[in-house]
Amino acid sequence: MPQNIRFVEIAVAGGGPAGLCAALEAAAAGARVVLIDRNEKPGGQLVKQTHRFFGSRAHHASERGVNIAREIAGAAAAHPNIEVMSAATVFGFYEDGVLGVEQAGRIFYLKPSRVIVATGAAEKSLAFPNNDLPGIYGAGAVQTMVNVYGVLPCRRVLMVGAGNIGVIVSYQLLQAGVAVAAIVEAAPRIGAYWVHAAKVRRAGVPIYTGHTVKRAYGERELAGAIIWQLDENGQPVPGTEKDFAVDTICLSVGLSPLVELLAQAGCRLVYAPQLGGHVPVRNAELETSMPGVYVAGDAAGVEEASAAMVEGALAGLHAARGLGYVQPDFESRRAALQQQLHSLRSGPAGEKIRAGLAQVLAG
Amino acid sequence: MLNFDVLIIGGGVTGCSIAYHLAKSGCTRVALLEKGYLTSGATGRCGAGFRQQWGTRTNCLLAKHAVAKLEQLAEELDYPGGVEIKQEGYLILAYTPKMEAQFKKNLALQKSLGIGARWVTPREAREIVPFLNTGGLLGATFYEKDGHANPFKVTDAYARAARRLGVEIHTYTPVQDIRLDGGIKTVVTPAGDFRAPVLVDAAGGHAAGIGRLVGLDLPVQAERHQILVTEPVEPALGPMVMCFYHNIYCQQSPHGSFIMGLGDPNEPRGYNTGSSWQFLMQMAEKAVRLLPVLKNARVVRQWAGVYDMSPDRQPVLGEVPELPGFYVAAGFSGHGFMIAPMTGQLMAECILGKPTSLPIDMFSLSRFSTGELFIEPSVV
Amino acid sequence: MRIQQHPVLEFQRGEKVKFTFDGKEYEGFANETIAAALTAAGVRVMRESPVLHRPRGLFCAIGNCSSCLMTVNGEPNVRICVEKLRPGMVVESQKGKGVLYAAEH
């Protein structure tokens, strides 16, 4: 069968923050990289983040996600060692290390020496009666509509989940002129950074911790939802119901790592609920149980975009080293990146991540 | 130390059917040991078709009785919602005069056994499958009582019914060793030792490995077979289209997706469930040539499973003469799912010392040493 | 509804584009997806679930979840949340699982 397989040095599947930083780091070391991204413009979910990032990489602190995306996607497009395949989907990772790629209805096969999988994560749903009514979205979906397309799918929203995404999206909805009726959080505490939570509180949005959705209602579209309180055992308390007339529920109840390619490649996966679900076992260099196959970003375990960028860089650095591309500052660069990851995961906010990582770090 | 009357190794459709049929006959001190989850081996990866169009009396009868049992399965096993049976036939294509002659011989045999398959011309074949490419086609055989069932549900139905009758099913319980102490077989697992006078090897592609634990050389080898499946669409293809010439099969499942596979003569033996892009390309090319409309269907998944191949591509059923109490139900070579309802019944009868409802002597392991192979002309 | 003024963002919507949805004419923009154009026009029911026929809307809006499958120019099961809008597109709600596209193309 005549089949052209293209040999490449490093292939990166996914052009979000992790994949872009992986490609940039590997390319900076001298490796030639093909970055495959399913969207027309790389940037992943950073393209809809209008809030400012803080903490992480010195040069991205206090930048808005959308600008970081523009910056690193632009750098990747301009880099002579990086070829960006946009609107292209990696559909298979085969037993002989070949990647199948579909672009505009055509099929390509790549045989990379190293593969970095940075496929991200998908939004989870939540089980309650009528949770499939039109008007019930992933919070990220509403964020995409509002911030990427400038389209408002909603007038009055009930946000479920008071983690960073839930609270940040609530604030962005307020900015876009949408009413946020309340934020509901099953846990007894708000999970988001206080800076973000304080903003929505100041705007007068009530946050109901220890509550969950009892049911949604509506004929063909969402008309409202009833929430109720949870006791200390997580059981609902009858009599505590509150009714909200809303046209939209945003579910911000976590993400599942997209590990299909890694699973097909034969990488060992472990269920680590703190990281969002099944994630690959890997070493400190982000190499999975399959030699030459690396993982970075949410596909490795759901964290913040800042951590994804640093992980991507680490994976890129080591994948390049494996091919003999080692810059003189390799050791100091690696130490700096590891230090950044360490500080991102320190303190009480990183507790869950650290517990998850303890289950998947090997070697 | 757990004591039973019968231990079954393998939680595929065959093992679960045997367990159910034993329990139904009153033999309820049965434990089934499965190293993964039920259907995690070949059952859950199979093409899910069943047919009665065979070329030997034995296989025709086996299939006919198995299909009759499948048709009644949901009722017999009290399985609400059913096992997704679709009976819109198998269309088996003939491209050479030799094939045509063999198929017509098969039809005569099938007719004598009450299997109403018939010869159809290329034009009639196109009436049955409107978008069939009939180029080079001499004709086909068709039987509308052949079809499709959901292997997960069939297995689950047997497993649930068996459990209700008292069978213990232990998943994620791999067999580490087997000890023979007189007539008693002790199966060593991480969950402890299981003991019984009767042991059934229904381990599919792992059957020979189980045999080796008791010093038995079973001529059953794993061979990878790959499948791909498209997006679901509204019903468009009634029958399973099967072609020995191109070595492929394709059927639309009740869910709406097209399931297809092919036989690769170059596939090495061995337990490999990896996917290949070569298969994807070959399969897509062959399927589109035969059913051109499929070129507009998106492939959503591909996967691989193993056939448990025997030298004559027919199962090994029954007790091993030199190892009393050690039974084999393996070597199904790609058609284990479709006959599993009968395999369970026949094995249970055999284990309980009853006369079997159909003869199974021809499936005895000893045929490989005496050279009396069972030749079935009608296989992919 | 479309956001006309945003404190942080400016939207590059591109050219106006006409398309039809279930036989009715709609207008959207070249730089957006079919789902964005329909959402802006107030359409929320994107499909019916194939078995229980429950109305379904967008869920993820980035191509992961298949909640928004429609028939576009005769092709079934198109994820309209990632399919870019093009002039003259014929977009249809999908009944059941969609009919396998039989035309040559």
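Me: Which residues of helix 2 of chain B meet helix 9 of chain B?

Reply: Keep in mind that this is a predicted model. From helix 2 of chain B, the residues are Leu62(B), Ala63(B), His65(B), Ala66(B), Lys69(B) and Leu70(B). Facing them in helix 9 of chain B are Met338(B), Ile339(B), Pro341(B) and Met342(B). Sorted by class, that contact has eight nonpolar, one polar and one charged residues.

Me: And how do I describe the way two helices pack?

Reply: In general, you give the angle between the two axes and the distance between them. Here, helix 2 (residues 57–71) and helix 9 (residues 336–351) of chain B have axes that come within 8 Å and cross at roughly 85°. Angles of 65 to 115 degrees count as roughly perpendicular, so helix 2 of chain B and helix 9 of chain B are roughly perpendicular to each other.

Me: Over to chain A, then. What is the strand order in the five-stranded open sheet?

Reply: The order is 8-15-9-10-11, with parallel pairing. Strand 8 (136–138) and strand 11 (207–209) of chain A are at the edges; each has a single partner strand, so one side of each has no neighbour in the sheet. From one strand to the next, the twist averages 20°.

Me: How many bridges join strand 8 of chain A to strand 15 of chain A?

Reply: Three, and the two strands run parallel, with strand 15 covering residues 248–251. If you want a spot to look at, find Tyr137(A), which sits opposite Cys250(A) in strand 15 of chain A.

Me: Which strands of chain A does helix 3 lie across?

Reply: Helix 3 (residues 139–148) lies across strand 8, strand 9 (156–160) and strand 15 of chain A, at about 85° to strand 8. Helix 4 (residues 164–175) of chain A lies across strand 9, strand 10 (179–185) and strand 15, and runs at about 175° to strand 10.

Me: What does chain A look like as a whole?

Reply: Chain A has nine helices and 19 strands. Its radius of gyration is 21 Å, close to the 21 Å from the globule rule for 363 residues, so chain A is as compact as a globular protein of that length. The C-alpha trace of chain A spans about 65 × 45 × 35 Å along its principal axes, and 52% of the 363 residues are buried.

Me: How many residues does each side give to the contact between chain C and chain B?

Reply: Interface size is often given as the accessible area lost when the parts come together. Counting residues instead, chain C gives nine and chain B ten. The chain C side has five nonpolar, three polar and one charged residues.

Conventions:
Residues numbered from 1 in each chain as written. Chains lettered and ligands numbered in written order. Predicted model: local features only at pLDDT ≥ 70, side-chain atom pairs only at ≥ 80, totals over all residues. Pairing = 2+ DSSP bridges. Helix = DSSP H or I, 4+ residues; strand = E, 2+ residues; numbered from the N terminus. Axes fitted to C-alpha atoms, helices over the stretch in contact; angles between N-to-C directions. Contact = placed C-beta atoms within 7 Å. Parallel < 35°, antiparallel > 145°, perpendicular 65-115°, else oblique. Nonpolar A, V, L, I, M, F, W, Y, C, P; charged D, E, K, R; others polar. Rg over C-alpha atoms; globule rule 2.2 N^0.38 Å. Buried ≥ 20, exposed ≤ 12 C-beta atoms within 10 Å, placed from the backbone.
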